[in-house]
Amino acid sequence: MRLTDISPIPALTPLDGRYKSQTAPLVEYLSEPALNRERMRVEVEWMILLANGFEGNGFQPIVDGVEPLTEEEQAYLRAIPETFDDEGIKHHAAHEAITHHDVKAVEYYIDDELDCAAEVLGHETQLSKLKTLVHFACTSEDINNLSYARCIKNAMEQVWLPTVHEITDHLVQKAEAYATLPLLSLTHGQPATPTTLGKEFAVYVYRINRQLRHIEAQEYLGKINGATGTFGAHLAAFPHIDWLAVSREFVENRMGLTWNPLTTQIESHDWQAELYGAVAHTNRILHNLCVDVWMYISRGVFAQVPVKGATGSSTMPHKVNPIRFENAEANFELSCALLDSLSATLVESRWQRDLTDSTTQRNAGSALGYSLLALNNLHGGLQSIHPNEAAMRAELDENWEVLGEPIQTVMRACELAGVEGMEHPYEKVKDLMRGHRISQDDVERFIDSLNFDEQTATRLKVLTPATYVGIAAQLLQYMR
Ligand SMILES: O=C(O)C[C@H](Nc1ncnc2c1ncn2[C@@H]1O[C@H](COP(=O)(O)O)[C@@H](O)[C@H]1O)C(=O)O
């Protein structure tokens, strides 16, 4: 049997197949039906503005020959996108099969709805004669750019950002819970000055929060200015209208976007490049977190809570594998690859337009979908780990040589204060400690061999790898 004979056809990509339930929240904003529904919202709102005017023109019709639409007529128009369902999708597809133009098919879809208006409302209505107002003076990109901006803004605000915030909240909890829990640092993979587990989580919180601030301040630009951005058609039809003011009113107040007054046929997509750059950057920070946690698990710093009934390895029954972190790592990479491609290519278009952006933009959902999938796995993974404090202590206890740094630094301070016998502190400590395994006794003997005053010697002797963590816990105050 051919798999394409199965109905519905199995999904080609994992986002809409295996991981469908996890990516579902984005379907509402970034699927093709979502885009077409948004296009309808833009088209009907444009009609309402043209017919009813706005505060700036005293709520007079902007175009001649049209009466202001009644509340009922406006509600009828606004119901068109809201009732766009599976039948509507087929209806639109039937138009597109003939027009081979997706936005023209939206226009015809609305025309059909206007044809039924009198029958549905049960009385005569101006709407039956208003087909000519649909898409008035617009090029398809006027509709597309506004629709995409709104779809992507909603996807970010309703889905992606809340998911990242949940993870950040979880990381804050972990940072606070483990603020004072000492952890051996590794720089270059070698034992280094100890830190605390909480402070290491706080570093991630700080990094993510910086990116979130950029993303939350992101402008979503929109334009409605005709075929090559000159308002040529608008002025040809109605030369006395202040089309700049109408355009601005529509983009800012009706669409809730930032007005772009100066474009070719297309909105230049620079805001998309900015947004995708920041999302990719956040992905990469979280990818770094996945890899770090994976290695902490491998080192025994974290233990994983086994899921009841689940299998780690098909052949090694003892195993609990960190699969959620691995899944997240891979999907962050896929998301970044797509986001990088979108950012790089969307900002270029030949002369007043080429259509390469059209098919590229259709992948915004995939780019954010891979990120959402990664976020879900990362969140699940974080919820299933807890520190193995005994292993962490044992690791610290095996690495007394990390106290070489404080001892040589205190020796320097003593030398500066004129204490005898403190010359070449770095070299002296290096001779004792570099490349050697050092015990607590060795450290104490070394301290005793130097000319420290009693108070300083005691201060150094109470230092252990587990207490040599500076003000790590205090630094959490800066993470938010
Ligand atoms: O308002 C216009 O349409 C003006 C026109 N430019 C266009 N602007 C926006 N969409 C256009 C344009 N041209 C085609 N199409 C339709 O875009 C769709 C492209 O399909 P796909 O490659 O799958 O993304 C597919 O449905 C195409 O039919 C121009 O000549 O400048």
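User: Where is phenylalanine 231 found?

Analyst: Phenylalanine 231 is found in the loop between strand S3 (221-222) and helix H9. Here helices (H or I, at least four residues) and strands (E, at least two) are DSSP runs, numbered from the N terminus. Before we go on, note that this is a predicted model, where local features need pLDDT of at least 70 and side-chain atom pairs count only at pLDDT 80 or more, while totals for chains, interfaces and linings use all residues. Residues are numbered from 1 along each chain as its sequence is written, and side-chain values use heavy atoms, with hydrogens and water left out.

User: Is phenylalanine 231 buried or exposed?

Analyst: Let's start with the terms: buried means under 20% relative accessible area, exposed over 50%, and partly exposed in between (1.4 Å probe, protein chains only). Phenylalanine 231 has a relative accessible area of 8%, so it is buried. Its backbone is worth a look too, for phi is near 60°, a positive value in a residue other than glycine.

User: Which other residue has a positive phi although it is not a glycine?

Analyst: Alanine 137 does, with a phi of about 65°. You will find alanine 137 in the loop between helix H6 (117-121) and H7. A cis peptide bond joins serine 7 and proline 8, with omega about -10°.

User: What is phenylalanine 238 in contact with?

Analyst: Contact means heavy atoms within 4.5 Å. Leaving aside neighbours within four places in sequence, phenylalanine 238 is in contact with Val63, Asp64, Phe136 and Trp243. Phenylalanine 238 sits in the loop between helix H9 (232-237) and helix H10 (243-254). With a relative accessible area of 12%, phenylalanine 238 is buried.

User: How is the protein divided into domains?

Analyst: Domain bounds come from an automatic or database domain assignment. That assignment gives domain 1 (18-133), domain 2 (157-179 + 195-226 + 258-308 + 316-388) and domain 3 (400-464). Taken over C-alpha atoms, the centres of domain 2 and domain 3 are 45 Å apart.

User: How many residues does the largest nonpolar core have?

Analyst: A nonpolar core is a set of buried Ala, Val, Leu, Ile, Met, Phe, Trp, Tyr and Cys residues joined through side-chain atoms within 4.5 Å. The largest one has 110 residues, and Trp46, Ile152, Met156, Trp160, Trp243 and Leu378 have the most contacts inside it. H7 gives the largest share of this core, 16 residues. Because domain 1 and domain 2 both give residues to this core, it lies between them. A second, separate core has 19 residues, including Met411, Cys414, Val443 and Tyr468.

User: Which residues does methionine 156 touch?

Analyst: Not counting residues up to four places away in sequence, methionine 156 touches Leu161, Pro162, Ile215, Tyr220, Leu275, Val279 and Leu368.

User: How much space lies in the largest pocket?

Analyst: Rolling a probe the size of a water molecule over the atoms shows where empty space is left. On a 1 Å grid over the protein atoms alone, a cavity is a set of points where a 1.4 Å probe fits but cannot get out, and a pocket is an open set with protein on both sides within 12 Å along at least five of seven lines; lining residues have an atom within 4 Å of a point. Grid points are joined across faces, edges and corners, and a volume is the space filled by probe spheres set on the points. The largest pocket holds about 620 Å³ of space. It is lined by 21 residues, with Asp16, Leu30, Ser31, Glu32 and Ser366 nearest its centre. H1 supplies the largest share of this lining, six residues. Domain 1 and domain 2 both give residues to the lining, so the largest pocket lies between them.

User: What volume does the second largest pocket have?

Analyst: The second largest pocket has a volume of about 520 Å³. Among the 17 residues that line it, Pro191, Glu401, Gly404, Met433 and Arg434 lie nearest its centre.

User: How many cavities of 30 Å³ or more does a search of the whole structure find?

Analyst: The search finds one. About 40 Å³ of space lies in the largest cavity, and its lining includes Arg39, Asp102, Glu141 and Tyr148. H7 gives three residues, the largest share of this lining.
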